[in-house]
Amino acid sequence: MLKKFIDPLDRNKPYNGSNAFYIIRYPEILLNYVEAINELREPYTLEMPNGSQVTVEHNTADIVKYFNLIRHRAGLPGITEAVAADRNKVRELIKHERRIEFACEGRRYHDLRRWGDAMEAYNRPISGCNVKARSNERQKFYTTTILNDKLTRRSFSYKHYFYPIPKSVLDKNKNLVQNPEWR
């Protein structure tokens with residue numbers, strides 16, 4: 001049973017719509033910031049409304065600091081400056097951390113699309129627990145099983161990285177061209 005989003009005070013009562021539900025959590029802000037810093041190639045300066053300027057640059061100390069805030073909160077070991085110096089390694093750590101931190105929160109699909117990993121992730125068989133295991137074979141339940149029936153097949157092609165532009169919009173502006181593979 002998933003314990004996320006469960007308020008212990010409301011466990012034995014029917015839901016009446018009184019619980020506040022968050023839209024974005026602080027770990028998402030931290031991971032987004034770490035990902036942005038990691039992907040920066042050159043410093044970026046932003047003009048603030050009060051006239052001051054803020055410059056953001058690839059900084060391994062910030063990557064370590066903000067990534068470790070999430071890891072240490074969960075009682076897990078953090079990363080070091082040596083690890084943070086390798087952009088590809090940090091990218092893989094961020095992908096792994098987002099997969100775990102936001103499990104069952106509906107973020108994975110959009111993360112995979114943003115990273116360009118959706119075709120690889122969705123065009124392979126789904127694996128899961130062996131739900132056909134009998135009660136006297138409890139250990140078999142935890143055996144990874146590949147699901148190969150029609151209901152579990154997924155496909156993702158290049159065109160799914162883009163939404164189609166509605167025909168009504170294309171008709172209004174003749175300079176627009178439909179997104180790739182959408183006709």
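Helices here are DSSP runs of H or I with at least four residues, strands are E runs of at least two, and both are numbered from the N terminus. With that settled, I read the protein along its sequence as α-β-β-α-α-α-α-α-β-α-β-α. That makes 8 helices and 4 strands.

Ground rules next. I am looking at a predicted model, where local features need pLDDT of at least 70 and side-chain atom pairs count only at pLDDT 80 or more, while totals for chains, interfaces and linings use all residues. Residues are numbered from 1 along each chain as its sequence is written, and side-chain values use heavy atoms, leaving out hydrogens and water.

**Overall shape.** I checked the radius of gyration, taken over C-alpha atoms, against the globule rule of 2.2 Å times the number of residues to the power 0.38. The protein has 22 Å, whereas a compact globule of 183 residues would be near 16 Å. Its C-alpha trace spans about 70 × 50 × 45 Å along the principal axes. I also looked up burial (buried is under 20% relative accessible area, exposed over 50%, partly exposed in between, with a 1.4 Å probe and protein chains only). Of the 183 residues, 22% count as buried.

**Cores.** A nonpolar core here is a set of buried Ala, Val, Leu, Ile, Met, Phe, Trp, Tyr and Cys residues joined through side-chain atoms within 4.5 Å. The largest has 13 residues, and Ile 63, Phe 67, Ile 79 and Ala 84 have the most contacts inside it. Helix 1 (26–39), helix 2 (60–73) and helix 4 each supply at least two of its residues. Another core, of 6 residues, lies apart from it and includes Ala 121, Tyr 122, Phe 156 and Tyr 161.

I then listed contacts (heavy atoms within 4.5 Å) for Ile 79. Leaving aside neighbours within four places in sequence, Ile 79 touches Ile 63, Val 64, Phe 67, Asn 68, Ala 84 and Leu 93.

**The loop between helix 4 and helix 5.** Is Glu 105 buried or exposed? Glu 105 counts as buried because its relative accessibility is 14%. It sits in the loop between helix 4 (87–101) and helix 5 (108–115). Beyond neighbours within four places in sequence, I find Glu 105 in contact with Lys 4, Phe 5, Tyr 22 and Arg 25. Cys 104 lies in that loop too, but at 57% relative accessibility it counts as exposed. Cys 104 also has a positive phi of about 65°, although it is not a glycine.

**Past helix 8.** Glu 181, in the segment after helix 8 (167–172), has a positive phi near 70°. At 45% relative accessibility, I log Glu 181 as partly exposed.
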